[in-house]
Structures are given as structure tokens and as C-alpha cells.
Amino acid sequence: MSNPQQLRYSKEHEWLSAAEDGVSTVGITEHAANALGDVVFVQLPEAGATVTAGESCGELESTKSVSDLYSPVDGEVVEVNQDVVDDPSLVNSAPFEGGWLFKVRVTGEQDELLSADEYTAFTAG
């Protein structure tokens, strides 16, 4: 399992892309997707919603459990991935590509986020 070097990671297993025009993309990591099992339902924050770093902003339901989705940053949701709502299995099959969850206009600092190497060490236990 590899974690793309260009992303930042939260200890709640979300990833965040570098901002483009102040907007970053959020998804869950491959580690989290594997731990969840087959994702069958995704509840995402609505466009226009305000999210807070470390707070729940949605849910991922798998055949095994329901898990909260946490925002890795403070900001305003500007877009949600309708493809993943329509086909939640994208979270498992392409967590870093087509399985992204939402885009957020970041308003807060990202000091708590881990590099790819730090996240890999964190998940290794």
C-alpha cells in the first residue's frame, strides 16, 4: 500500500491535496478503505457547508460498519463527488483518484496533517 507523496494525511485517515486556487480535495486513504471493507453508502457534506478540522462532516457505511468522515481542515465545501454518492465502491477501488469525496476552500492552517512518510509510520503502528 502506498500513500501518494504529494498529499497530506490526518490521523483520522483522510487525505488532503495541495490547494489549487485555495481549494483542496479530500478523500479517505487506502488504509481506511481497506479497514472499512466494501463501502455501500456515502453521506457527504453539502456544497456551501462549513467544515471544521477534526469534526465529523459525513459518514461512510460499509458491509461491516458505519464510520464518521472527518474534515482534515477548516473551510467551506465547494463541491461533492456525485460519482462516489452514486457508486460508493469507488472509495475502495480508487481512493486517491475517482473515489475522492469533496472539495473544500481551506480557511484554516493545516499544522496537524502528516506527510506521506509520517502517515505510513503512523499506520504501521
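Modeller: First, a term: contact means heavy atoms within 4.5 Å. Among contacts here between residues at least 6 apart in sequence, 62% join residues at least 24 apart. This is a predicted model, where local features need pLDDT of at least 70, side-chain atom pairs count only at pLDDT 80 or more, and totals for chains, interfaces and linings use all residues. Residues are numbered from 1 along each chain as its sequence is written, and side-chain values use heavy atoms, with hydrogens and water left out.

Colleague: How many helices and strands does the protein have?
Modeller: It has four helices and nine strands. Helices (H or I, at least four residues) and strands (E, at least two) are DSSP runs, numbered from the N terminus. Along the sequence the pattern reads β-β-β-α-β-β-β-β-β-α-α-β-α.

Colleague: Why is D21 called exposed?
Modeller: Buried means under 20% relative accessible area, exposed over 50%, partly exposed in between (1.4 Å probe, protein chains only). D21 has 76%, so it counts as exposed. D21 sits in the loop between β2 and β3 (23-28). Of the 125 residues in the protein, 42% are buried.

Colleague: What makes the phi of D21 worth a remark?
Modeller: Most residues other than glycine have a negative phi. D21 is not a glycine, yet its phi is positive, about 55°. H13 also has a positive phi, near 80°, and is not glycine. H13 lies in the loop between β1 (8-9) and β2 (14-16).

Colleague: How do you know that β3 and β9 pair?
Modeller: Two strands pair if DSSP finds at least two bridges between them. β3 and β9 have four bridges, in the antiparallel sense, so by that cut-off they pair. S24 stands opposite V104 in β9. Five bridges join β8 (residues 75-80) to β9, also antiparallel. There, G75 has V106 as its bridge partner.

Colleague: What makes β4 and β7 edge strands?
Modeller: An open sheet of three strands has the order β4-β6-β7, with antiparallel pairing. β4 (39-43) and β7 (66-70) each pair on one side only. Between β6 (residues 56-62) and β7 there are five bridges, and G58 stands opposite L69.

Colleague: What is the largest nonpolar core, and which elements supply it?
Modeller: A nonpolar core is a set of buried Ala, Val, Leu, Ile, Met, Phe, Trp, Tyr and Cys residues joined through side-chain atoms within 4.5 Å. The largest has 22 residues, and V104 is one of those with the most contacts inside it. β3, α1 (30-36), β4, β6 and β9 (102-106) each supply at least two residues. Another core, of eight residues, lies apart from it; L7 and F96 are among them.

Colleague: Which face of β9 is covered?
Modeller: The covered face holds F102, V104 and V106, while K103 and R105 form the uncovered one. In a regular strand the side chains alternate between the two faces of the sheet.
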